[in-house]
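The paragraphs below lead through a protein chain from its helices to its charged side chains. Please keep the sequence and the three-dimensional view at hand while reading.

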Amino acid sequence: MLIPGLLYFVLFKYLPMYGLSIAFQDFVPFLGYSDSPWVGLKHFENLFTGPDFGRLLFNTLFLALLTALFVFPAPIIVALLLNELRVSVFKRYVQSLIYIPHFLSWTIVFSLTYLLFSVDFGVVASWIHSLSGGGPKVDYMAQPEWFRPLVILQLLWKTSGWGTIIYLAALAGVDPNLYEAARMDGAGRWRQFWHVTLPAIRPTIVVMAILTSGNLLDQSFEQIWLLTNSLNRSVADVFDTFVYYVGVTQGGYSYATAVGLFKGVAGVVLIFGSNWLAKRLGQRGLF
């Protein structure tokens, strides 16, 4: 039963790692891996000393911070609210409703965002404009200061419902006798939540936090790419889109690979660091 999963990781995760060698070459497709000249750490030096690195790092880390603050806790909060519902039919209906956005592509999500926030006919944009008493209209899709809020709103709408599955499964494993014992001791709903529910799902939260930390430098390429335009590019450029610009549109395969390798190494460091921190705080780590 492990063979299909192992084959997937070997074919699509480990074998392509051989291509990372071009980060240390001036790769020429016609020469191939073996004949392209080796240049050592040249591309990494260009990355760290180049004019784009600081901006890319700030944009990526700022989006990662906003995601950690707003997107990561959202499934936990929704799962806790769903767990308090006692009408099972209504609970299943709400669960099915909030799962749907997960199955929509980022292209559809962007189209819906455009219909809501477009300066010409956006429903939400027109509503905000009417509430503000008129004046010049705001182009939310083009203003740099609105780029990050739109990214977070899209992530909340698309991922929060699907993310509740893991936490609802953890909540389903809580022994009902613990709640009964807490009620007998005079604990109300808030005390039951604080002393029974939250400790029961804390290991799951810690594991998910460790896994999420490894992807802090990863932003959804499709989402960022669709929201990016010439007016908000100063805040929209992240490592993922930069790799596309340099590697695909400009043919800088080696430089783009160096950027990707930097992201991968940083992700590994973050996972090991967060796992160590979790153990230092008395929690069960990932490994």
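A residue is called buried when its relative accessible area is under 20%, exposed when it is over 50%, and partly exposed in between, with a 1.4 Å probe and protein chains only. Helices (H or I, at least four residues) and strands (E, at least two) are DSSP runs, numbered from the N terminus. The model is predicted, so local features need pLDDT of at least 70 and side-chain atom pairs count only at pLDDT 80 or more, whereas totals for chains, interfaces and linings use all residues. Residues are numbered from 1 along each chain as its sequence is written, and side-chain values use heavy atoms, with hydrogens and water left out.

Confidence comes first. The pLDDT, the predictor's confidence in each residue on a scale from 0 to 100, has a mean of 88 over the chain, and 100% of the residues reach 70 or more. Helix α1 (residues 3-14) has the highest mean, 93, and helix α8 (residues 123-131) the lowest, 83.

The unreviewed UniProt entry lists residues 7-28, 56-82, 103-130, 150-172, 193-211 and 253-278 under "transmembrane region". Positions from UniProt are given in the numbering used here, feature names are shortened, and annotations may be inferred rather than shown by experiment. Two of these ranges can be set beside the model. Residues 7-28 are 36% helix and 0% strand, with their end C-alpha atoms 30 Å apart; residues 56-82 are 96% helix and 0% strand, with a corresponding separation of 38 Å.

Helix α4 (residues 53-71) has 19 residues and reaches 26 Å from its first C-alpha to its last, close to the expected 27 Å. The expected span is 1.5 Å times one less than the number of residues. The buried residues of α4 include Phe53, Leu56, Asn59, Thr60 and Leu63. In helix α5 (residues 73-83), Ala74, Pro75, Ile76, Ala79, Leu80, Leu82 and Asn83 are buried. Among the elements that cover them are α4, α9 (147-172) and α11 (189-213).

Charged side chains come next. The structure holds 8 salt bridges, each a side-chain nitrogen of Lys or Arg within 4 Å of a carboxyl oxygen of Asp or Glu. Arg55 pairs in this way with Asp52, at 3.0 Å between the closest N and O atoms, and with Asp237, at 2.9 Å. Arg55 lies in helix α4 and Asp237 in the loop between α13 and α14 (239-249), so this pair ties together parts that are 182 residues apart in sequence. Asp237 also forms a salt bridge with Arg233, at 4.0 Å.

Where does Lys263 lie? Lys263 belongs to helix α15 (residues 253-280) and is buried because its relative accessible area is 13%. Its contacts (heavy atoms within 4.5 Å) include Leu217, Phe239 and Asp240, leaving aside residues up to four places away in sequence. The side chains of Lys263 and Asp240 make a polar contact at 2.2 Å. A polar contact is a pair of N or O atoms within 3.5 Å; within protein, one must be able to donate a hydrogen and the other to accept it, and residues adjacent in sequence count only if both atoms are side-chain atoms.
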